[in-house]
Amino acid sequence: MEVNNKAAEAAIFALLLAMKINPKNHADIEATPKRVVKMLQEVWEGEYHTNKEIAEMFGKSFPTKSRGMVVVKDIPAFSYCEHHLALMYNMHIDVGYIPHGKVIGLSKVARIVDMCCKRLQLQEKIGYDICDVMKMVVGNDVIVRVRAEHSCVTARGIKKAGSKTVTLETSGVFENTEYQEKFLTLINNR
């Protein structure tokens with residue numbers, strides 16, 4: 001999807017002016033609108049792809065006879081809250097699945113996580129989107145845990161630094177507490 005850079009830069013410039021900050025009066029921030037647009041295109045790249053497209057981009061799988069749980073844990077990530085455009089940070093995502101005749105490359109799991117986070121999001125939607133993409137690639141038995149701090153809680157409003165939000169998205173056998181406990185045991189052991 002082609003972004004209109006000139007319109008986006010003008011919008012950032014107008015926002016700064018509305019906040020009583022004139023970039024033309026500050027040499028250090030004169031190029032800020034251009035830099036902000038470039039950054040937003042990078043950190044919101046996932047906005048331009050559906051979950052199905054992400055599955056197609058990163059869903060290369062390999063045949064296997066294994067039926068044991070596969071877990072990729074502590075994947076660092078960040079995203080932006082769709083309510084305040086505030087940063088979700090110190091985010092760690094754990095993804096588990098049961099192979100059904102195929103496994104996905106481990107780096108592809110991290111790529112799926114990154115692309116799903118590169119959207120204006122809610123934490124609950126991040127877990128859902130990652131689970132949805134993974135199900136398209138490896139089958140229905142998927143679990144995703146997301147832990148994050150939200151600057152809309154820690155840096156503004158209530159200002160409760162250090163508070164964390166934890167979400168768990170499950171499908172297939174992971175809707176069973178026995179499988180959830182096995183997954184949580186694996187990700188909580190160093």
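## A walk through the predicted chain

Setting aside residues up to four places away in sequence, Ser-151 touches Ala-86, Leu-87, Tyr-89 and Arg-156, where a contact means heavy atoms within 4.5 Å. This is a predicted model, in which local features need pLDDT of at least 70 and side-chain atom pairs count only at pLDDT 80 or more, while totals for chains, interfaces and linings use all residues. Residues are numbered from 1 along each chain as its sequence is written, and side-chain values use heavy atoms, with hydrogens and water left out.

Ser-151 lies in helix H6, which covers residues 151-154; helices (H or I, at least four residues) and strands (E, at least two) are DSSP runs, numbered from the N terminus. Ser-151 counts as buried because its relative accessible area is 16%, given that buried means under 20% relative accessible area, exposed over 50% and partly exposed in between, with a 1.4 Å probe and protein chains only. Its partner Tyr-89 belongs to strand S3 and, with a relative accessible area of 23%, is therefore partly exposed. Leaving out residues up to four places away in sequence, Tyr-89 touches Ala-148, Glu-149, His-150, Ser-151 and Thr-154. The C-alpha atoms of Tyr-89 and Pro-76, which are 13 residues apart along the chain, are separated by 9.0 Å.

The chain as a whole contains seven helices and seven strands, and from the N terminus on its elements run α-α-α-β-β-β-β-α-β-α-β-α-β-α. Its C-alpha trace spans about 65 × 40 × 25 Å along the principal axes, and buried residues make up 38% of the 190 residues. Among contacts between residues at least 6 apart in sequence, 70% join residues at least 24 apart.

Helix H4 takes up residues 106-117, and its end C-alpha atoms are 17 Å apart, which agrees with the 16 Å that its twelve residues should span at 1.5 Å a residue, since the expected span is 1.5 Å times one less than the number of residues. Within H4, the residues Val-109, Ile-112, Val-113, Met-115, Cys-116 and Cys-117 are buried. An α-helix has 3.6 residues a turn, so residues three or four places apart point the same way. The cover over the buried residues of H4 includes helix H3 (51-58), strand S3 (87-97) and helix H5 (123-138).

How do H4 and H5 meet? They pack at an angle of about 135°, with their axes 9 Å apart, where axes are lines fitted to C-alpha atoms, for helices over the stretch in contact, and angles run from 0 to 180 degrees between N-to-C directions. That angle makes H4 oblique to H5, because angles under 35 degrees count as roughly parallel, over 145 as roughly antiparallel, 65 to 115 as roughly perpendicular and the rest as oblique. In this contact Val-109, Ile-112, Val-113, Cys-116 and Cys-117 of H4 meet Ile-126, Asp-129, Ile-130, Val-133 and Met-134 of H5.

Helix H3 also packs on H5: the axes of H3 and H5 come within 9 Å and cross at roughly 55°, which means that H3 is oblique to H5. The contact is made by Asn-51, Lys-52, Ile-54 and Ala-55 of H3 together with Asp-129, Asp-132, Val-133, Met-136 and Val-137 of H5.
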